[in-house]
Amino acid sequence: MPSATAIPGGRFVRLGETARRAVHLTVDGRPVTALEGDTLLVAVLANGGHLRHSEFGDGVRSGFCLMGACQDCWVRGAGGERWRACSTPVAEGMAVLTQLPEATWPRRD
Amino acid sequence: MSAPPGPMPIAATPETLRADVIVVGGGLVGASAAFFLRRRGLSVILLERGLVGQQASGTNFGNVRRQGRALAQLPLAARARDIWGQLPALLDEDAEFLDSGHLRVCYSEEQAEDFARYAVDARPYGLALEVMGAAELRRRYGLFGPEVLAGSLAAVDGHANPRLAGPAFGRGARRAGATVLEHTEVLRVEREGGDFLVHTKAHVTGGEGPRCRAPQLLVATGAWGNRIASAFGEPVPIVAHGPQMGVTEPLPYAIGPAIGVTTKNVAEGMYFRQVKRGNIVFGGGPKGPAYADRLRAYVEPANTLNQLQQLRRLAPALGGLQLIRTWSGIEGYVQDSKPVLGPSAKVDGLYYAFGFCGEGFAIGPGIGDSMAELIATGQTATPYPDSHIGRFAACQEQAATAA
Amino acid sequence: MAAPRLIVVGAGPAGVRAAEALVQAGLRPIVIDEGRRDGGQIYRRQPDNFKRPYAQLYGSEAAKAQALHHAFDTLKPRLDYRPETLAWNISGGALHVIRDGRAQALPYDALLICSGATDRLLPLPGWHRAGCYSLGAAQIALKAQACAIGRRVAFVGTGPLLYLVASQYLKAGASLAAVIDTSPAAPAAALPGLLARPALLLRGLGLIARLRRAGVPLLRGATPLRVEGDADNGADALVVREAGGRERRFSCDAVAMGYHLRAETQLADLARCDFRFDDASRQWLPAIDADGRASASGVYLAGDGARILGADGAEAAGRLAALAALHDLGLQPGAGQYAAEHKALRARLAKMERFRRGLALAFPWPQAQAATLPDEAVVCRCETITAGELRRCATELGGSELNRAKAFSRVGMGRCQGRYCGHAGAEIVAAACNAPVQQVGRLRGQAPVKPLPLDVEVVQ
């Protein structure tokens, strides 16, 4: 039986395939380490509990279908990128934001 | 009076219902006319083929604007704007009307000059407009792209939710005592002893619906307005087109006014508004195909793609958003781009209110109110210049001669 | 005559076998797929740098998975294959796609839509919390990413996938809190259908036995009551009522849920295909003939996006629909192949259809649970709209037709366009209005099929 690898605070538990190259990214500015071949969703959720905040005040979300159908895992990048986390491979240096933009967003350059 | 629970009643049995007025067509105009007729004490039957507020008045952009309308229409638009502001008192709900302003912007100096001229011309009608340059626009709103040159703000206009407004008037009319029959299609209208006798079909049972009898009849059937008008010898040159609408995912609520580009170039037409929940609703540009006979209208993918490009041009800050849904509806466009409003030129007791050419939503409740006034009293404080059906008399005669 | 323009949407079992039939007929179809790699959801391929062998990934289906992958690898040089491409609209005889932020219109003579299915979901109070996933999601996490969706996972729902995914988690070394099946033991009426595919039936029974042996709490005929937890940390327990009436709480940090499958029908809808209500599964499906022809001219549907027959059925349906298209276009040698094969393929599908009906009886969609969902439960996860609000719109506002209820309540208006709330929403509206569910209608598909970035670039 493979040994389970869980990072404190992480939601997802790795059950194998852990001998992959490390990839570094930040989540809300916090540096975390993922593995090459991870989806962005797995990269974030192996290191934390959520992907985004609901727009309607009912708390955090962590994706739902993992097959690009529910659209509940869209995250923002610090450079304005939009990533559907379940179908986007993680890449070195990604800067993921899980927070909603400030209400001043129309004034951003 | 309180609303009985459950969905609106469905016509089932053929019987003859009587009222002072029959309103055909349960769009925003017909539903609000029924509501205001009841408030004037007249008995009303509202006949709707499908569901109240389902066609053009439920699928349009939701602009509640006076700015940019023909000056002659401004008194009517002001009347409508007052009603929008009174919805909670009238209907016990607000249809998400936000008096957050209506802003027109432009890409050309020529158009900027038009803004200034229109602001002067509109002032006597009580419409205050603030014209501003590009720097002021960006200071206030951020948002705008480098091609935007000038803007004109009507601070107390705004926007509302079209999906809610028509049905809210329909329920209001029913609470006020109108007989509102959904799924009831008018098959034909006869004259009998000075009355209109309306034969209907009940769509749920597929059988005959109730016959309805009244001395006065209001035709508020939008893109289908020609059916009854033609039957009374007053055909109107009207065609159906579909607005091309879309909505993005939500962002925190930050944009107050409904914003539209004023341009002579149809391809660069664009308007958008942010609803309180955060989504950006948009439309504009070339229309799509609409089939009044089949009750279907479509969004052309090429139009959607053009709109996204225009939206980015207008407001680059929206470029990071995503479109989540598109829709269309069936709007009636009259050949001379003016609606058909007021009494028939040929038949006593017959009134028309249709053919709003994609500009009916904002003035809809004002039309309903003023048609109720006209039907109840024989005149209205907000008449409809250039909108009488008699203007097509020449082409009607031609049609008759050719036939 | 110009080369016929043939497009296959989807590179799962149906799409791959459809493409194969077209290539065998000497054509070069375009294959549009949203995935990064072929295989669809059922035979989803793991990333290149993963090492697990087929047997570990696909278990008893390893040979079929390998065969399908191999077939596609062989076809690839003879295809115009476009992975990571979204088909977002259909209009005027053209499929509209977007890839890498670039939009393009692809006219077709025949369009084979093999769009597959998603999990079919029933809301549960608390299911919008972090840590709640579809069963398919739980399986994808494991199969494609070698992860469990949590430290301790509860499984709830009904259908074959419930036991399959739970067993896969058990085998992979995950910790299982419970397996909760809303269906009671299969009624005798289900048996004749299930016996149409005895090997599948036996395999399913084996999975259940293995879970029992492992000591995983396994309840049948249970009613899920709620997912407990909080807004910041997500799920921490699943509470259910046993068939006998006792309430039980299972501590967990993840819940995988699903009630068999829901056909992915948006493209068929945008192609203006007719739909009909399928009594067996209580869902609207595109109308197709025995070969997969839709009502819209030049449109063919195959696989779980049209009839939920599973992967084997999808392979057969994909091939049959492609041959039918070649027959209809009068293209040899495909038309001859159609004449030679269509009867046998139809017979295979008929057997699978019997099995599908047996499954629907053994694992019924628990519509009563949707109808009685507590008012405070979120129905629409995208828009965070509750069952109570939907009921109010259905009754007080007159939203007794589903699209009307959507217009008033926003249920189904969010990013997923009703994929996960639409079926339950229909049951809620039907129950609130005391109407048969088919009478309230179905959520109409609206473009884009999935969100379209505003910064899309148009290419000719």
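Mentor: B:Gln310 is buried, because 21 other C-beta atoms lie within 10 Å. The cut-offs: a residue is buried with 20 or more other C-beta atoms within 10 Å of its own, exposed with 12 or fewer, and partly exposed in between, with C-beta atoms placed from the backbone. This is a predicted model, where local features need pLDDT of at least 70, side-chain atom pairs count only at pLDDT 80 or more, and totals for chains, interfaces and linings use all residues. Residues are numbered from 1 along each chain as its sequence is written, while chains are lettered from A and ligands numbered from 1 in the order in which they are written.

B:Gln310 sits in helix α9 of chain B, residues 301-314. Helices here are DSSP runs (H or I, at least four residues), as strands are (E, at least two), numbered from the N terminus.

Now the neighbours. Leaving out residues up to four places away in sequence, B:Gln310 touches B:Glu268, B:Met270 and B:Gly285. Contact means C-beta atoms, placed from the backbone, within 7 Å. Take B:Glu268: 42 residues separate B:Glu268 from B:Gln310 in sequence, yet their C-alpha atoms are 6.2 Å apart.

Zoom out to the domains. Chain B is split into domain 1 (16-59 + 163-236 + 335-402) and domain 2 (102-155 + 244-328). The bounds come from an automatic or database domain assignment. Over C-alpha atoms, the centres of domain 1 and domain 2 of chain B are 31 Å apart.

Elsewhere, chains A and C meet: 37 residues of chain A are in contact with 45 residues of chain C. On the chain A side, β1 (13-14) and β5 (60-61) each supply at least two residues.

Key:
Two residues are in contact if their C-beta atoms, placed from the backbone, lie within 7 Å.
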